[in-house]
Amino acid sequence: MEHSTDGVRVRVLGPAELVVDGKPVSLAGSPVLTRLLTLLALGPGKGVAAEVLRSEIWRDRHADKPAGSLQQAIRRLRAAGLRDHIPPEAAGRYRLDLSSDRGDVRRLIATASALTSDPPP
């Protein structure tokens with residue numbers, strides 16, 4: 001398991017894991033936070049629509065969940081160590097701001113892109 005001595009790392013390929021300043025942050029007790037972190041990590045740079053997040057996190061029950069439920073989950077994820085990495089909602093979308101070396105999905109995408117952009121020898 002890889003840990004950083006500074007900053008934030010997000011892993012969602014396998015069990016979801018958030019590491020802040022080299023220390024794992026437990027999300028095991030909250031499926032909502034685990035789903036939210038995963039969706040934001042998988043989301044493109046433009047972010048994920050709040051309605052999509054609500055639908056995916058609460059599935060069949062999302063219509064019963066007020067928008068405040070998502071905002072509360074976002075606040076909890078920010079408090080878990082992502083305050084500087086989840087900017088305020090913009091145009092109804094939330095996003096996770098991490099450099100490509102801080103998230104396993106983005107690192108995988110960057111590596112795959114580099115491999116496919118180089119011509120074969």
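Colleague: What is the mean pLDDT of the chain, and how many of its residues, in percent, reach 70 or more?

Modeller: The mean pLDDT is 80, and 83% of the residues reach 70 or more; pLDDT is the predictor's confidence in each residue, from 0 to 100. This is a predicted model, in which local features need pLDDT of at least 70, side-chain atom pairs count only at pLDDT 80 or more, and totals for chains, interfaces and linings use all residues. Residues are numbered from 1 along each chain as its sequence is written, and side-chain values use heavy atoms, with hydrogens and water left out.

Colleague: What makes a set of residues a nonpolar core?

Modeller: The set must be buried Ala, Val, Leu, Ile, Met, Phe, Trp, Tyr and Cys residues joined through side-chain atoms within 4.5 Å. The largest one here has 27 residues, and Val10, Leu18 and Leu77 are among those with the most contacts inside it. Strands E1 (8-11) and E2 (17-20) and helices H1 (31-42), H2 (50-58) and H3 (67-82) each supply at least two residues of this core, with H3 giving the largest share, six residues.

Colleague: Which residues is leucine 77 in contact with, leaving aside its neighbours within four places in sequence?

Modeller: Leu27, Leu33, Leu36, Leu37, Leu40, Leu82 and Ile86. Contact means heavy atoms within 4.5 Å.

Colleague: Why is valine 52 called partly exposed?

Modeller: Buried means under 20% relative accessible area, exposed over 50%, and partly exposed in between (1.4 Å probe, protein chains only). Valine 52 has 42%, so it is partly exposed. This valine is found in helix H2, and its C-alpha is 9.1 Å from that of arginine 93, 41 residues apart in sequence.

Colleague: And why is alanine 91 called exposed?

Modeller: Because its relative accessible area is 80%, alanine 91 counts as exposed. Alanine 91 is found in the loop between H3 and strand E5 (93-94), and its phi is near 55°, a positive value in a residue other than glycine.

Colleague: Where does aspartate 21 lie, and why is it called partly exposed?

Modeller: Aspartate 21 lies in the loop between E2 and strand E3 (23-25). Its relative accessible area is 49%, so aspartate 21 is partly exposed. Aspartate 21 also has a positive phi of about 50°, although it is not a glycine.

Note on methods. Helix = DSSP H or I, 4+ residues; strand = E, 2+ residues; numbered from the N terminus.
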